[in-house]
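Please keep the sequence and the model in view while reading.

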Amino acid sequence: MVWARTKLMIWDYIFEPVRQIKITYAGKDPGSLYKKINELIRTVLNVPDAYIQEREFTWEKTAGNEKFDVGWDINKVYDFFSYIYLEMDLRGSSANGEGRATIIIRPRLITEYPQDTIWQQSIVYEMLRRLWHGIFYHKKRMEYLHNSKELLITFENALKKHIEEKTHA
């Protein structure tokens, strides 16, 4: 990720034209999905703790009832310019151990080019950057996009497998 005040950003939705993945679960103990999602973020996506931010965490527990709303912002860094940005939300409720949960994942591949200095704002730099991007880096970004699709499909399949095991247990 580029740490610059001014930057050119290129966003690609990983599953075009689908902009989000939605998984719904109804059954026993939907709150346990929180732990499973945290585990899969670290194991399947291989994202260190420093790049995972819980932007929202609400968990209400009353006599036999539970209501939860959790949101994560996740960055998986590929190189200095490109990374995956995931917005993930888990919402649900349960009464007496039975309930529903919805998981929404919004993945994007983002490439950032800094434009802070006079040199980076010049027309010569922009022409060279576009040439470099077109000849060399575009191919690398397409590899990152393909890798991102595979990672997210693996994540989604692992989550669905966990849900399936919960419903058959």
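Helix H1 has seven named positions in its buried set: Leu 33, Tyr 34, Lys 36, Ile 37, Asn 38, Leu 40 and Ile 41. Buried means under 20% relative accessible area, exposed over 50%, and partly exposed in between, with a 1.4 Å probe and protein chains only. The model is predicted: local features need pLDDT of at least 70, side-chain atom pairs count only at pLDDT 80 or more, and totals for chains, interfaces and linings use all residues. Residues are numbered from 1 along each chain as its sequence is written, and side-chain values use heavy atoms, with hydrogens and water left out.

**Surroundings of H1**

- The buried residues of H1 pack against strands S2 (21–28), S3 (52–62), S4 (65–77), S5 (82–95) and S6 (98–114), and also against H2.
- Contact here means heavy atoms within 4.5 Å.
- Helices (H or I, at least four residues) and strands (E, at least two) are DSSP runs, numbered from the N terminus.

**The pairing of H1 and H2**

- Helix H1 spans residues 33–43 and helix H2 residues 123–168; the two pack at an angle of about 150°, with their axes 11 Å apart.
- Axes are lines fitted to C-alpha atoms, for helices over the stretch in contact, and angles run from 0 to 180 degrees between N-to-C directions.
- On the H1 side, the contact is made by Leu 33, Lys 36, Ile 37, Leu 40 and Ile 41, and on the H2 side by Phe 155, Ala 158, Leu 159, His 162 and Ile 163.
- By class, this contact of H1 with H2 has eight nonpolar residues, one polar and one charged.
- Ala, Val, Leu, Ile, Met, Phe, Trp, Tyr, Cys and Pro count as nonpolar, Asp, Glu, Lys and Arg as charged, and the others, Gly among them, as polar.

**The chain as a whole**

- The chain contains two helices and six strands, and along the sequence they follow the pattern β-β-α-β-β-β-β-α.
- Its radius of gyration is 20 Å, well over the 15 Å that the globule rule gives for 169 residues, so the chain is more spread out than a compact globule.
- That radius is taken over C-alpha atoms, and the globule rule is 2.2 Å times the number of residues to the power 0.38.
- Along the principal axes, the C-alpha atoms fill a box of roughly 65 × 30 × 25 Å.
- Of the 169 residues, 45% count as buried.
- Among contacts between residues at least 6 apart in sequence, 67% join residues at least 24 apart.

**Backbone features in loops**

- Most residues other than glycine have a negative phi, and most peptide bonds are trans.
- Glu 16 and Pro 17 are joined by a cis peptide bond, with omega about 0°; Pro 17 is in the loop between strand S1 (7–13) and S2.
- Asp 29, which is not a glycine, has a positive phi of about 45° and lies in the loop between S2 and H1.
- At 39% relative accessibility, Asp 29 counts as partly exposed.
- Asn 96 has a positive phi near 55°, and its place is the loop between S5 and S6.
- Asn 96 is exposed, with a relative accessible area of 68%.

**Asp 12**

- Asp 12 is in strand S1.
- Not counting residues up to four places away in sequence, Asp 12 touches Arg 108, Leu 109, Arg 141 and Leu 145.
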